[in-house]
Amino acid sequence: MTSIVLSKRLKTIADYCPAGSRVADIGSDHALLASYLLANGLASFVIAGELNDGPYQAAREQVAKLAAADRASVRKGDGLAVLAPGETDVICIAGMGGQLIASILERGKAKLPGVKRLILQPNVGEEVVRRWLLDNGWQLTAEDVLEEDGVIYEILVAQPGDPLAPYREKARSTEELLRLGPWLWEKKSPILRQKWEREREKRKSILDQLAKSRRPETRKRYEQVAKELDWIEEVIQCLQTDKP
Ligand code: SAM
């Protein structure tokens, strides 16, 4: 049995997989997450799905090394197309843009009945993923934010349920919480503050660039970004002063 060491990001995702579940990891790359779950007896069956040939072959080689390789299936294909309806309890999709994750879920909707949990880790565009969950009957039940090697990652966990529940009776509007993350906003961790401080720096540098342009059409964009910056400043203020 090979011992598999996961990055902090993948380990956090693994920790959200209920023990004994049948887990599909879509866009698995080398199938490290699936292999870890199987090698540590944390999943009863794993499916690693990959679109591209290089990572697909790497995933096959990785899984072949496992003693429990008969409880793993490595499949080549686009998104949830590799799954049969009802064959998995948990779907993980990690390390891609939020737009791609939402598009994989949207195109694979027919495979979702029976799935009990989605664990999603968009590298960017978290808001797009939250909006997809909200519009499609998935209730966010947990969120995590972590920093690894200088990069900040958000992890979203959802189950079928009342998608509006995390947004109801909150001090911030649903639109704001789709950006902030309703559970992340509740926890207000220092890493969340760091994330928004980085967003503030990005907006400032965009404003600096726009200020140099003499084109009339940049004025509207400047105003938009300036408004966003004001909102981010206020968010950071709350993250500094609110109790966790
Ligand atoms: N999930 C791993 C992780 O979080 O470390 C790997 C992330 S890697 C950056 C993204 C992987 O998703 C790549 O191996 C890529 O080939 C695969 N991928 C991209 N689009 C996909 C799709 N539509 N269906 C399945 N896999 C996809």
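View 1. A polar contact here is a pair of N or O atoms within 3.5 Å, and a backbone N or O atom of Leu 51 lies 3.3 Å from a nitrogen atom of the ligand. The side chain of Asn 52 places an N or O atom 2.7 Å from an oxygen atom of the ligand, while a polar side-chain atom of Asp 78 lies 2.7 Å from a nitrogen atom of the ligand. Taken alone, the ligand exposes 600 Å², of which the protein buries 80% (accessible areas by the Shrake-Rupley method with a 1.4 Å probe). Residues are numbered from 1 along each chain as its sequence is written. Because the model is predicted, local features need pLDDT of at least 70 and side-chain atom pairs pLDDT 80 or more, whereas totals for chains, interfaces and linings use all residues, and side-chain values use heavy atoms, without hydrogens and water.

**View 2. The shell around the ligand****.** The ligand is surrounded by 16 residues (each with a heavy atom within 4 Å of it), and the closest are Arg 9, Gly 27, Glu 50, Asn 52 and Asp 78. β4 contributes the largest share of this shell, three residues (strands are DSSP runs of E, at least two residues).

**View 3. The second largest pocket****.** A pocket is an open set of points on a 1 Å grid over the protein atoms alone, where a 1.4 Å probe fits, with protein on both sides within 12 Å along at least five of seven lines, and its lining residues have an atom within 4 Å of a point. This pocket has a volume of about 400 Å³ (the space filled by probe spheres set on the points), and among its 14 lining residues Val 124, Glu 126, Lys 195, Glu 199 and Lys 202 lie nearest its centre.

Methods: A polar contact is a pair of N or O atoms within 3.5 Å; within protein, one must be able to donate a hydrogen and the other to accept it, and residues adjacent in sequence count only if both atoms are side-chain atoms. Helices (H or I, at least four residues) and strands (E, at least two) are DSSP runs, numbered from the N terminus.
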